[in-house]
Amino acid sequence: METVLKAAVVYLIVWAAIRISGRRTLAEMTAFDFVLFLLIGGAVHRALTGQDYSLTNAFLIITTLIGIDVVLSFFRRDWPGAAKIIKGVATIVVEDGQPLPWRMRRSRVTIDDVLAAARHNHGLENLQQIKFAILEASGDISIIPYDRRLAAPA
Amino acid sequence: MDEKEDRRYPVEEDMRFQRRMWTVERAAWIGIGVLLCLALTGLFGQGRWSRATASTPGSAIALEYERFQRITRLARFDIRIAASESQEATLRLSRPFHQAYEVTSIQPWPLRSSAGSENWELVFARPGSGDLVATIWAQPRQFGIMNLEASGDRGSPLSFRVLVYP
C-alpha cells in the first residue's frame, strides 16, 4: 500500500511542480533544463523506491503512475473543467500581426519567442506576416500566418 | 478588443480561468520562495531551527538532537550522562525509540544492552573522569511526531519530541 500511495503523491507533486512552473518552462527545454529534469528524476527515484529494489515494487510504481495517468485522461475527456485544470488552456498572444503585451508578459512569452516559432515552423520573417500566435497548453507556440500559401510547411 | 476579453477564434479562450491560473502560479512561486527560506532555517532538518537540546533538572542527563528529521535519513543523538561514583552508566531509551528507529551506530559501544517491554537499556563503561558522552546514529523508520524519553541512573526521565518527515 505504501508504494502505491508514495507513487500517487509523487505524481501529484511532479504534476503540481510542472503546472506552477508555467508553460514556458516546459517549452524552453535547454540543455541545462534537460539535466535539471534528470536530477529531478533521480531525486524522485530514491524517494519512490527507498531501499526496496524488488521487481514487485517497480511493477507497482509503474502501474500506479500509468493508472493515474489513464484516469486523468478520462477526466480530461469527460469534464472540460478538469481538462483546464490538468492541462491548462490556450492563449492568443499575437492577433492580426499585433502583439498582446499584457498576455505576453503574464505568460512570460517574448516577441523573440514568437518570431523564433514563426521562423522555425513557417519560415516567416516578421510579426506582420503572423495572423495569430497561440501559446498552447503544452507551452508550444502555434503560428497561423496571414497567407498560408506563402508559408512553408511545418 | 481588450486583451483581457475572451477570443472565440481561432481558439476558444477562457481568460477568466487563465487569469486565475496566473494568480495561482504567482502565489505558488511565492510559496516556493517561503518554503526554501524555511528549509534554510532548518524546518526540514539540518539547520539552526532543527538543532535542539534538552536536559533534566540538575543536568543528570542532557541531549542534543535534531528536532526535525526525515524518514530513513541518519539522525544523530548526543547524550551526556553526568559523572557519578559508579563504574558504569545506564541509558534507558523509551520503547517508541526502539520501535521507530533503526540504530546503525553507537559510540562508544555499550558494554551490554537489553530491550524490555518498556525500555531499551544500554550500559556504558564510564570514562576515567567527567561525564559520559555517547552518540547514537539512528535512522527513523516511521514518520510523524515521536514522543521519546531518555533516562539515566538517577533523576527524572528526559522527555523530548521529534517530528519525522515522510
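Guide: Two rings of Phe, Tyr or Trp (for Trp, its six-membered ring) count as a pair if their centres lie within 6.5 Å; planes under 30 degrees apart make the pair stacked, over 60 edge-to-face, and the rest tilted. One aromatic cluster here is formed by Y65(B), F77(B), F97(B), Y101(B), W120(B) and F160(B). This is a predicted model, in which local features need pLDDT of at least 70 and side-chain atom pairs count only at pLDDT 80 or more, while totals for chains, interfaces and linings use all residues. Residues are numbered from 1 along each chain as its sequence is written, chains are lettered from A and ligands numbered from 1 in the order in which they are written, and side-chain values use heavy atoms, leaving out hydrogens and water.

Visitor: How many aromatic pairs does this rule give over all chains?

Guide: The count comes to 12.

Visitor: Why is the pair of F132(A) and Y9(B) called edge-to-face?

Guide: The planes of these two rings stand at 75° and their centres are 5.8 Å apart, so the pair is edge-to-face. Helices (H or I, at least four residues) and strands (E, at least two) are DSSP runs, numbered from the N terminus. F132(A) lies in strand β3 (residues 130-135) of chain A and Y9(B) in the segment before α1 (15-41) of chain B, so the pair joins two chains.

Visitor: What makes F132(A) buried or exposed, and what of Y9(B)?

Guide: Buried means under 20% relative accessible area, exposed over 50%, and partly exposed in between, with a 1.4 Å probe and protein chains only. F132(A) has 6% and is therefore buried, whereas Y9(B), at 56%, counts as exposed.

Visitor: What kind of aromatic pair do F68(B) and Y165(B) form?

Guide: Their planes are 35° apart and their centres 6.2 Å apart, which is a tilted pair. F68(B) lies in strand β3 (residues 68-70) of chain B and Y165(B) in strand β11 (residues 158-165) of chain B, so the pair ties together parts 97 residues apart in sequence. Both F68(B) and Y165(B) are buried.

Visitor: How do you know that the length of helix α3 (residues 31-49) of chain A agrees with its number of residues?

Guide: The expected span is 1.5 Å times one less than the number of residues. For the 19 residues of α3(A) this gives 27 Å, and the end C-alpha atoms are 27 Å apart, so the two agree.

Visitor: Which residues of α3(A) are buried?

Guide: D33(A), L48(A) and T49(A) are buried. They cover an arc of only 125° around the axis, so they are on the same side of α3(A); the arc is that of the directions from the helix axis to the C-beta atoms. On the other side, A31(A), F32(A), L39(A), A43(A) and R46(A) are exposed.

Visitor: What makes strand β1 (residues 91-95) of chain A mostly covered, and which strand do 4 bridges join to it?

Guide: In β1(A), 5 of its 5 residues are buried. Two strands pair if DSSP finds at least two bridges between them. The 4 bridges join β1(A) to β3(A), and these strands run antiparallel; I92(A) stands opposite I134(A) in β3(A).
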